[in-house]
Amino acid sequence: MSTTHFNMKIVKRSKGESAVAAAAYQSGEKLYSERDSKTKHYSMKQGIVSTEVIIPSNAPEEYKDRNTLWNAVEKVEKQWNSQLARRFIIGIPKEIPENQYSELVHEYCMKGFVEKGMCCDIAIHEKYGGERNPHAHILLTLRPMDEHGNWTDKSHKVYDLDEFGERIKLPNGEYKSHKVSTTGWDEQSNAEAWRHDWETIVNEYLERAGSDVRIDMRSYERQGKAQVPTVHMGPAVTNMERRGIQTDIGNLNRDIKAFNSRFSELRRKISGLTYWISHLTHKIDRLIEDIRSGREEVKYWVPADESRRADIKDINKENIIKALEKMPVIHSLTAFMNKRTEENRNLPIEERMAAIRRDQAIFSKATQYVTIHKLSSISELDKKVSQLEYAYKKIGAAVKYHDRRLKEISMIETKTGIMRKNQSVVDELNKKKFKKTRSDFYEKHRPEIDEYYKAKKYLEIHNSGRIDNISDLNSEKKKLQAEKADLDPKLAKIEKDLEEINAIKYCVDIALERVKEEPSDVAKEIKQDSVLLKIQKKQEEVKKAEAARKQNDKRSNIKRKTVKGETLD
């Protein structure tokens with residue numbers, strides 16, 4: 001399975017955000033904001049495939065116009081720190097046909113949001129930064145409506161009670177209370193449900209499109225994968241990367257993507273070997289049954305020390321069966337070489353020598369690995385694959401730890417740079433003593449000041465508020481990068497081991513290719529098509545032709561003697 005981007009956030013007035021501006025951005029339309037008497041328009045926005053506003057049955061019909069809808073939302077929210085809308089940005093798999101994007105997102109929003117009472121503004125974008133990257137923007141209302149289409153309260157006050165069921169009085173004379181949501185839309189469990197619903201409907205569309213791709217909306221950690229999530233770059237870093245300027249965060253993301261790709265391939269190989277081993281015992285049992293019944297030619301399975309004996313019929317089947325039950329891996333490798341030798345016997349000399357060299361190299365590689373690691377039985381082979389899986393996951397956990405800290409250091413460095421860049425503006429703001437001049441200065445320099453305090457808040461959480469320890473962080477980063485580099489040879493060793501085991505798998509599969517899990521009649525057809533039987537059939541045809549020729553010659557001789565008057569007794 002693959003993952004898809006799924007980001008949720010709240011549009012907040014306290015951050016200087018606007019629901020009208022958010023709707024204008026995703027739709028590409030010019031929208032007029034009644035709150036600040038400004039037109040919101042993002043003319044550079046491109047790649048918009050479709051837009052749609054869906055409303056519940058009790059909502060006023062005029063709310064199908066996004067300008068009316070989001071101005072109504074802005075008007076009903078009175079507080080300076082009001083939450084205005086819930087915003088989603090969701091990636092759409094490229095395997096789904098483009099003409100189904102609108103239907104997919106519409107169906108998802110109807111079931112998940114509109115039927116529960118939310119108004120929903122949808123915009124589907126097909127490109128991002130000049131590259132094909134289909135995704136949906138979804139903007140949802142947060143306040144419920146009554147049956148007449150009037151906005152109602154998001155929450156109501158509930159008084160806290162003491163052990164006697166009485167209200168708890170605070171020192172200021174007020175009673176202790178808390179807010180309870182009237183809709184339950186803000187509950188954390190909803191986020192998980194919305195992600196799962198998206199996973200379900202997208203996988204249905206992928207299946208309908210005939211694609212083998214499936215998405216899994218759980219985090220890598222919850223999926224049990226060693227993969228590492230990339231770092232959110234933000235607009236500034238993204239723009240630098242687009243201009244060809246490499247950044248620390250961009251380089252880290254490239255390393256993470258390369259690591260995830262490598263680990264995905266390892267996981268695929270380990271899963272394939274685990275599945276194969278689980279079915280190998282059954283194939284060996286089928287082989288033993290075929291040897292007993294005479295359906296399998298026993299000569300392929302003769303041990304190496306007996307393979308030169310002239311009379312194959314003298315070999316004891318039960319001894320071979322006992323050997324198979326005891327050491328199926330080694331016997332499968334021997335059978336592989338015996339079988340390939342037999343199959344190559346009738347090839348032209350150059351082809352036969354090339355095939356022998358190729359098969360001998362694979363056989364030697366597989367036999368050497370089995371001998372060194374003492375993999376004489378299926379259970380020991382299974383144990384070895386399990387050990388490799390454990391080592392792979394251990395390295396994955398170590399890389400994940402290092403990358404998590406490297407991500408954090410990169411973010412600390414970025415936020416420190418932001419604080420230093422905007423420090424002079426904030427210092428100037430702090431010099432303003434009067435409310436009016438301070439307010440005017442803030443409005444003029446709002447982006448720089450807000451950026452400064454966001455960075456400061458991040459550093460308070462992740463770096464104790466410090467901006468003077470960059471040198472120490474650089475030393476830590478170099479140490480982490482060196483430790484991470486030391487893991488690479490260990491990963492390469494696991495990759496090499498898996499390559500060796502796949503050589504064993506190849507040999508065993510060739511040796512067991514006549515032991516199929518299809519119905520008996522299909523198995524017979526497969527046997528009839530085997531290379532060896534084709535050769536034998538050809539030899540029989542040659543013999544029959546030779547016998548027919550001799551018989552014809554004999555008849556010709558008899559005819560000539562009869563014409564000469566010779567006796568035929």
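These questions and answers walk through a predicted model.

Me: At what angle do helix 10 and helix 12 pack, and is that parallel, perpendicular or oblique?
Reply: Helix 10 covers residues 378–431, and helix 12 covers residues 446–462. Their axes lie 7 Å apart and meet at an angle of about 135°.

Me: Is the crossing of helix 10 and helix 12 left-handed or right-handed?
Reply: The two helices are helix 10 and helix 12, and their crossing is left-handed.
The contact of helix 10 with helix 12 holds five polar, six charged and 13 nonpolar residues. The hand of the crossing is left-handed.

Me: How many disulfides does the whole structure have?
Reply: A disulfide is a covalent bond between the sulfur atoms of two cysteines. Take C109: the nearest cysteine sulfur belongs to C120, 3.5 Å away. The cut-off is 2.5 Å, so C109 is in no disulfide. A search of the whole structure gives a count of zero.

Me: Is C109 buried or exposed?
Reply: Buried means under 20% relative accessible area. C109 has a relative accessible area of 0%, so C109 is buried.

Me: Is R340 buried or exposed?
Reply: R340 sits in helix 8, residues 328–344. Leaving aside residues up to four places away in sequence, R340 touches R358, D359, Y506 and I510. Its relative accessibility is 14%. The cut-off is under 20%, so R340 counts as buried.

Technical notes. Residues are numbered from 1 along each chain as its sequence is written. This is a predicted model: local features need pLDDT of at least 70, side-chain atom pairs count only at pLDDT 80 or more; totals for chains, interfaces and linings use all residues. Side-chain values use heavy atoms; hydrogens and water are left out. Axes are lines fitted to C-alpha atoms, for helices over the stretch in contact, and angles run from 0 to 180 degrees between N-to-C directions. Helices (H or I, at least four residues) and strands (E, at least two) are DSSP runs, numbered from the N terminus. A crossing is left-handed if the near helix is turned anticlockwise from the far one by less than a right angle, and right-handed if clockwise. Ala, Val, Leu, Ile, Met, Phe, Trp, Tyr, Cys and Pro count as nonpolar, Asp, Glu, Lys and Arg as charged, and the others, Gly among them, as polar. Buried means under 20% relative accessible area, exposed over 50%, partly exposed in between (1.4 Å probe, protein chains only). Contact means heavy atoms within 4.5 Å.
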